[in-house]
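Here's a quick tour of the charged pairs in this model. Have the sequence and the 3D view open as you read.

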Amino acid sequence: MNRFSESRDRAPTVAAGRPLLPVVSLDQAHSPQKIMAHGALLRKFVAGEEFKPIHMRIGIMGACNMRCNFCNFHSPNEEQFYDLFSFKDSIAANKAITLLRAFAANRGRAVTFCGSGECTIHPGYAEISRASHDAGLRIGLITNGSRLGRPAVAEAVAATHTWVRIGLNAGTEATFNEITRDREQTFTSFIDNVGALRAAAVAADFRIGFNFVITKQNHGEITEAARIGLQSGAHYVRFEPEFYSALGHETIEAVMPQIADALHEAKALSTDSYEVSIPKLDRGPMAQVEDIEGDFERCHYSRFVTAVGADGNLYPCPQVHLNSRYQIGNVIEQGYADVLEGGPRAEWEAANPRRTDLCKSCFYRPQNELLEHLHRGQVQLEEALNRYAVEVPSTLHADFV
C-alpha cells in the first residue's frame, strides 16, 4: 500500500478491547481527500510558497435557541478551553457582509456558517447569505434546523446554499426535546423541511443531510434516526461521538458495544442515494495528555482553511476557535486582508509550536497527515494528483476543503 492510499478517508479503527465498529468512510461531500482537487495550491504548498485560505468557517452568533446537553460551549468541561466564548457575541450584518466580500476578494471561494451559536437566528442571515453568494462564494450551513421552515431563511438557503447539515441527535421527539430543550417543534419539522429544501435548491450539486452526536442518552436511537433521515429525503446521515477536549470519548466508553451494534444496523440502510456516514469513533482528548495522534508535525490544514468567531477574531481552525491561545487578530476591526497579510497571522504562525498541548488530537488529522507526507516528499505530488484525477474525476464541493 502506498503512502497516498494510507492517508485517504480513515474509517473507524478498533482500539484495544473495543468491539468491531462498522467500516464506513465519510460521505463524499465531507471527504478529507478533497484537498487533492486543488493542484495549483498544493504545488505552492510543497514549494513553500505563500497562498491564501480558500475556505472560511464563521460563527456570526454566539447565542443559540437550543441548549443541547452535549454542547461544548455550554459544558463545564470546556470552561477553560473556550475561554473567549460569550453567547452575547454577534457580528452585525453589514460588518459580516464587508468581511465576506473581503474574503472573496482575497481569493476566498467558500464559506461555512457554523460556530458556537445558531447562525440562522441572526436577524440578517438571509441578507448575509445573499450578499455572500453575490460575491461569488459558495455557502455551507451547519444548523440545528429550527429556522429552515421560515420563509425568509428557507428561500435564501434554497437560492444561495451549496449544502446544509442539520443536527438530528435523536430518533424520537421526546429524546430530541430532552437533549436540546427545544420549544419550537423542530424535530417534527425535519421530514417536511428537508424534502422541501432539496426540491427548491438552485445549486445543481446541493446536498442536505443530518448529523447525529452519539451520547449515552441517545445511543439507543441510532437506527431510528437513520430511518428518519432516509424518510425525509436527506442525502445522508452522519454519526459521530460526543467529544470533549478534556475527556475525549470517555462519556460513551461504557456503551460502545451497543453503539457498534446500532451502527451496523444503520449502515444497512444505505442506498445509492442515501449515505450512512461514520467518521472516526476513537479520538483521545485534546488537552492535558501526553500522546500525540497523527503523523504530522505542524498544522498544515490551517493554510487552506481559516475560522472566524462571533467575537470577530481570526483563528487557525474551528477546533480551537474562541481559545485565547489561538487568537490571531480581529478581522472586523482591523480588516481581513490586514490580519491575513499585515503581520498578525504571520506572527502567530512564527510563534506557533509544532504541536501544542491543545492540538495533540485533531479533527483534521487525515488532511494534515496527507499534507505532511506531501511536504516531506513521502508522497510525490504529481503522481498523487494524477491518481486522484483518475479515481475521483469530479470532486463534490471541492472548495469546502
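Arg147 is buried, with a relative accessibility of 13% (buried is under 20% relative accessible area, exposed is over 50%, and partly exposed is in between, using a 1.4 Å probe and protein chains only). Its salt-bridge partner is Glu184, with the closest N and O atoms 2.5 Å apart. A salt bridge here is a side-chain nitrogen of Lys or Arg within 4 Å of a carboxyl oxygen of Asp or Glu. Arg147 sits in the loop between β3 (138–143) and α5 (151–160) and Glu184 in the loop between α6 (173–180) and α7 (186–200), so this pair ties together parts 37 residues apart in sequence. Helices (H or I, at least four residues) and strands (E, at least two) are DSSP runs numbered from the N terminus. Glu184 is partly exposed at 31%.

This is a predicted model, where local features need pLDDT of at least 70 and side-chain atom pairs count only at pLDDT 80 or more, while totals for chains, interfaces and linings use all residues. Residues are numbered from 1 along each chain as its sequence is written, and side-chain values use heavy atoms, leaving out hydrogens and water.

By the salt-bridge rule, the count is 11. Here are some of the pairs:

| Salt bridge | Closest N and O atoms |
|---|---|
| Lys52 and Glu341 | 3.5 Å |
| Arg238 and Glu240 | 3.3 Å |

In the Arg238 pair, Arg238 is buried at 13% relative accessibility, and Glu240 is partly exposed at 22%. Back at Arg147, salt bridges with shared partners join Arg147, Arg150 and Glu184 into one network.
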